[in-house]
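Hi everyone, thanks for making time. Let me put the sequence and the model up, and then I'll walk you through the parts I'd like us to look at together.

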Amino acid sequence: MTSWVPNAWYVAAWDSEVDRAPLARTICGVPMMLYRKLDRSVVAMRDACPHRMLPLSMGLREGDSIRCKYHGLKLGPDGVAEEMPLKAEAVNRRICAETFAVAERHRFVWVWVGDKASADPALIPDLWPCSAEGWTFDGGYYHVAADYRLMIDNLMDLTHETHVHAGSIGQPELMEAPIEARVEGDRAYVARWMPGIDAPPFWRGALKQDGPVDRWQVCEFVPPSAVMIDVGVAPVGAGATLERHDQGVRGMVIDCMTPETETSMHYFWGMARSFDVADTGFTARFKQQQGGVFAEDKEILEAQQRAILANPGLKLNAYSIDQGGVRARQIITRLIRAQEPVA
């Protein structure tokens, strides 16, 4: 049994990453290549020529088709052979490369891993702040040499910010505020309310004023492998609550963890916000700052993964702060088992 849900939509790339040139990326153990056709729609195809298995991502684009760089077999965007290595030879249309269902939504290119006939676009995770009116969204990408579930654990337990991100978003109050954890259907939530505190550097700058604030964090696990974190601050007395908090500055951290292998992932990170949405300079500066924050997570998780592999006789332990990650892992396991074939 793999550690990921076998039939689901996963983020394969940012929309800006996929262009006419093939992009190679392994998704849930499957080597794929992605490229755009002339009409800008995206093709996702197994990255192996059906002839001698050279990666097709090394191939030559010809119109909407791709020609293998080894012997010249030409395949159409549907993966079916269009021209044999010997041009005089009749085309054998039984020769084909596997293709995958693909969709674009919320600035991401999604691929369906598993039974292609089950690929329903309605099942794409609803990352609503990425596309909502009055919000703006941008972010980046890291390859992380760690189990994707370790990043989910990290994002569903933000007490680590106090130590890992002390210079940007962390503060001691994170260790003092109680957390509320719950599960609703296939989603897990962890909420933290911090009233009457000093804002950390980033949020003080975003609010553009000094003084005590009420701060909130609401982490939401969205299967199969995304986490959205509702974050922000409002001046004390503005009327913000844990349930309703649009009085100050509010953002939504968007994180999509796509498994590459059992011990590596593609990490797509970003932030949607509902303040200063027209300030493109702020967007660029914040993206750079956020990239630095998540680079700190990458360093921690890769070291954690190395320690896990080096200590096979030990296991991860869960404390009270780990409630969100534990519940998210339980949901993942339940969804995997629900898709297992009946014996």
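Let's start with the sheet of seven strands: in what order do its strands lie, and is the pairing parallel or antiparallel? The order is 11-17-16-15-14-13-12, the pairing is antiparallel, and the sheet is open.

A quick word on what you're seeing. This is a predicted model, in which local features need pLDDT of at least 70 and side-chain atom pairs count only at pLDDT 80 or more, while totals for chains, interfaces and linings use all residues. Residues are numbered from 1 along each chain as its sequence is written, and side-chain values use heavy atoms, with hydrogens and water left out. When I say strand or helix, I mean DSSP runs numbered from the N terminus, E over at least two residues for strands and H or I over at least four for helices. Two strands pair if DSSP finds at least two bridges between them.

Now please zoom in on strand 14, residues 213–222. How many of its residues are buried? The count is 10 of 10, where buried means under 20% relative accessible area, with a 1.4 Å probe and protein chains only. As a reminder, side chains in a regular strand alternate between the two faces of the sheet. In strand 14 both faces are covered: one side carries Val213, Arg215, Gln217, Cys219 and Phe221, the other Asp214, Trp216, Val218, Glu220 and Val222, and all are buried.

What about the neighbours of strand 14? On one hand there is strand 13 (residues 187–197), joined to strand 14 by eight bridges and running antiparallel to it; there, Val190 stands opposite Cys219. Then there is strand 15 (residues 226–235), which pairs with strand 14 in the antiparallel sense over 10 bridges. Phe221 stands opposite Val227 in that pair, and a hairpin with three residues connects strand 14 to strand 15. Moving along, strand 15 and strand 16 are antiparallel too, with eight bridges between them, and Ala226 has Cys256 as its bridge partner.

Keep those two residues in mind as we turn to the cavities. On a 1 Å grid over the protein atoms alone, a cavity is a set of points where a 1.4 Å probe fits but cannot get out, and its lining residues have an atom within 4 Å of a point. Grid points are joined across faces, edges and corners, and the volume is the space filled by probe spheres set on the points. The structure holds two cavities of 30 Å³ or more.

Strand 1 (8–14) and strand 16 (249–261) each supply at least two of the lining residues. By class, that lining has nine nonpolar, two polar and no charged residues; Ala, Val, Leu, Ile, Met, Phe, Trp, Tyr, Cys and Pro count as nonpolar, Asp, Glu, Lys and Arg as charged, and the others, Gly among them, as polar.

The largest cavity, at about 50 Å³, has three nonpolar, three polar and three charged residues in its lining. Which element gives the largest share of that lining? Helix 5 does, with four residues.

Two last stops. Four strands form another open sheet, antiparallel, in the order 5-6-7-8, with strand 5 (60–62) and strand 8 (81–83) at the edges, each pairing on one side only. And helix 1 (residues 148–155) has six of its eight residues buried, so the rest of the structure largely encloses it. Those buried residues are Tyr148, Leu150, Met151, Ile152, Asn154 and Leu155.

Thanks, and over to you!

Terms used
Buried means under 20% relative accessible area, exposed over 50%, partly exposed in between (1.4 Å probe, protein chains only). On a 1 Å grid over the protein atoms alone, a cavity is a set of points where a 1.4 Å probe fits but cannot get out, and a pocket is an open set with protein on both sides within 12 Å along at least five of seven lines; lining residues have an atom within 4 Å of a point.
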